[in-house]
Amino acid sequence: MADLRSTRFLFLCAFQFLVLVQIQVSCYQYKVGDLDAWGIPTSANPQVYTYWSKYHNFKIWDSLLFLYPPSQDSVIQVTRENYNSCNLTDPILYMNNGNSLFNISTYGDFYFTSGVPGHCQKKQKLHISVPGNGSASAYSPSYGPSALPDTAPSYPTVFGSIPLPPSSSPTNRFSILLSFIIGSAIWAIIM
């Protein structure tokens with residue numbers, strides 16, 4: 001039987017812990033609007049942020065990256081009521097550096113709009129939902145589910161890969177199994 005205080009045993013436990021952390025920690029940074037970035041939606045894609053939020057599954061520790069020219073725009077987090085009425089007074093959070101990062105640290109609904117007067121009325125606003133039970137979707141209250149397309153818009157990948165939401169696919173379970181097998185093999189070799 002192995003001595004639980006031996007250097008080899010402690011090394012193995014640390015190794016297995018690091019492998020499992022690598023597999024299990026998967027948070028994503030989403031660029032809001034993907035290739036459209038943060039700005040007034042075009043007439044060709046007026047509901048870009050509604051579509052965008054529908055096709056992403058957000059979870060705690062993910063983050064939203066808002067990219068925009070800092071001298072021309074900003075991002076504010078607002079209440080649901082202010083989101084629906086495009087009221088820019090008393091924001092919860094104000095960001096204006098052009099490279100604004102919002103870290104999701106709790107479950108619930110989050111509402112964002114441009115801090116520039118008139119932009120919200122032109123549909124430069126975003127509603128996301130971070131479900132606590134993994135079943136909710138993020139529809140913008142301004143548009144019902146019937147206004148949303150059945151397929152996700154397709155964008156060419158210009159700036160590198162766009163992160164896909166995590167899933168509990170067999171690949172993830174296979175990774176955990178693989179780490180267990182590797183850890184057990186190392187354990188057998190060391191002991």
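1. Basis. The model is predicted, and local features need pLDDT of at least 70, side-chain atom pairs count only at pLDDT 80 or more, and totals for chains, interfaces and linings use all residues. Residues are numbered from 1 along each chain as its sequence is written, and side-chain values use heavy atoms, with hydrogens and water left out.

2. Four strands make up an open sheet with antiparallel pairing, in the order 4-3-6-7. Strands (E, at least two residues) and helices (H or I, at least four) are DSSP runs numbered from the N terminus; two strands pair if DSSP finds at least two bridges between them. Strand 4 (93-95) and strand 7 (125-130) are the edges, each pairing on one side only. On average, neighbouring strands of this sheet are turned by 20° against each other, direction ignored; the axes are lines fitted to C-alpha atoms, and angles run from 0 to 180 degrees between N-to-C directions.

3. Strands 6 and 7. Six bridges join strand 6 (residues 108-114) to strand 7 in the antiparallel sense. Opposite K125 in strand 7 stands T113.

4. Disulfide. One disulfide is counted, the criterion being a pair of cysteine sulfur atoms within 2.5 Å. The partners are C86 and C120, with sulfur atoms 2.1 Å apart. The link is left-handed, at -70° about the S-S bond. C86 lies in the loop between helix 3 (80-85) and strand 4, and C120 in the loop between strand 6 and strand 7, so the pair ties together parts 34 residues apart in sequence.

5. C86 and C120 are both buried, whereas C27 is partly exposed, at a relative accessible area of 44%. Buried means under 20% relative accessible area, exposed over 50%, and partly exposed in between (1.4 Å probe, protein chains only).
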